[in-house]
Amino acid sequence: MWCYRGGSISTEPRINDRIRVPEVRLVGPSGEQVGIVPLAKALELAQEYDLDLVEVAASARPPVCKLMDYGKFKYESAMKAREARKNQAHTVIKEMKLRPKIDPHDYDTKKGHVVRFLKQGDKVKITIMFRGREQSRPELGYRLLQRLASDVEDLGFIESNPKQDGRNMIMVLGPHKKKTEAMAEAREAQAARKAEAKANPGKSQNAAETDGVDENTADDVDIAEESAEAPAEASAEV
């Protein structure tokens with residue numbers, strides 16, 4: 001069986017000697033219309049201006065070509081594409097799992113994570129996990145979800161009402177703040193921190209050390225929380 005194994009088709013425009021047409025509609029380096037000229041004349045003008053002849057509209061008849069610095073054009077296009085990707089807002093759904101008989105301290109910790117996610121402009125999927133005899137008391141999970149939604153109502157709203165899904169009950173919270181707004185605020189805060197660090201290097205170093213201790217403490221709390229929940233789950237199922 002015959003199989004074509006050619007290379008990928010280039011999406012870059014043809015430039016200079018790669019252009020294979022007898023004549024082109026030429027656009028000058030400042031955007032002025034030169035008119036339809038023979039290809040040889042267009043290449044001669046490109047050499048005279050020390051620029052490249054770039055085919056910008058290959059489907060036109062004759063093709064439209066422009067005199068430009070192609071290397072500079074590619075660099076500026078890449079920078080614009082990078083900036084566009086930087087400002088893109090991707091919808092992210094975070095997940096937080098709770099038990100219907102959660103400890104008050106654990107609840108405050110979980111709520112803190114939900115608050116952080118909503119401030120970042122992310123959606124949060126809240127899952128209440130029922131074990132053993134807890135499955136006969138779905139109202140406990142419903143009341144817990146309503147309480148959580150009420151506690152963070154200044155940052156988010158109920159996008160998907162609580163519903164039973166097997167052993168779990170699920171609710172989705174949506175942020176009031178758009179992702180793009182949250183990203184812009186985060187960049188401004190980061191710039192402010194950098195400016196403060198530059199102005200007060202000693203103070204910023206102490207703050208960074210304090211932040212590191214807080215993060216480690218938070219990790220220890222999460223580990224302790226998971227360890228504490230494990231025996232509770234086992235006892236509920238007995």
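Me: Contact means heavy atoms within 4.5 Å, and axes are lines fitted to C-alpha atoms, for helices over the stretch in contact, with angles running from 0 to 180 degrees between N-to-C directions. With that in mind, where does H4 lie, and at what angle does H4 run to S8?

Reply: H4 lies across S5, S6, S7 and S8 and runs at about 10° to S8. This is a predicted model, in which local features need pLDDT of at least 70 and side-chain atom pairs count only at pLDDT 80 or more, whereas totals for chains, interfaces and linings use all residues. Residues are numbered from 1 along each chain as its sequence is written, and side-chain values use heavy atoms, with hydrogens and water left out.

Me: Which strands form the open sheet, and why are S5 and S7 said to stand at the edges?

Reply: The order is S5-S6-S8-S7, with mixed pairing. S5 and strand S7 (156-165) each have a single partner strand, so one side of each lacks a neighbour in the sheet. From one strand to the next the twist averages 20°. H3 packs on this sheet, touching S5, S6, S7 and S8, and its direction makes about 170° with that of S5.

Me: Why is Lys110 called buried?

Reply: Buried means under 20% relative accessible area, exposed over 50%, and partly exposed in between, using a 1.4 Å probe and protein chains only. Lys110, whose place is in helix H3, has 9% relative accessibility and therefore counts as buried. Its side chain reaches the backbone oxygen of Lys97 at 3.3 Å.

Me: What makes a set of residues a nonpolar core, and which members touch the most others in the largest one?

Reply: Such a core is a set of buried Ala, Val, Leu, Ile, Met, Phe, Trp, Tyr and Cys residues joined through side-chain atoms within 4.5 Å. In the largest, with 19 residues, Met96, Leu98, Val114, Val124, Ile126, Ile128 and Leu173 touch the most other members. A second, separate core of 13 residues includes Ala42, Leu45, Cys65 and Leu67.

Notes. Helices (H or I, at least four residues) and strands (E, at least two) are DSSP runs, numbered from the N terminus. A polar contact is a pair of N or O atoms within 3.5 Å; within protein, one must be able to donate a hydrogen and the other to accept it, and residues adjacent in sequence count only if both atoms are side-chain atoms. Two strands pair if DSSP finds at least two bridges between them.
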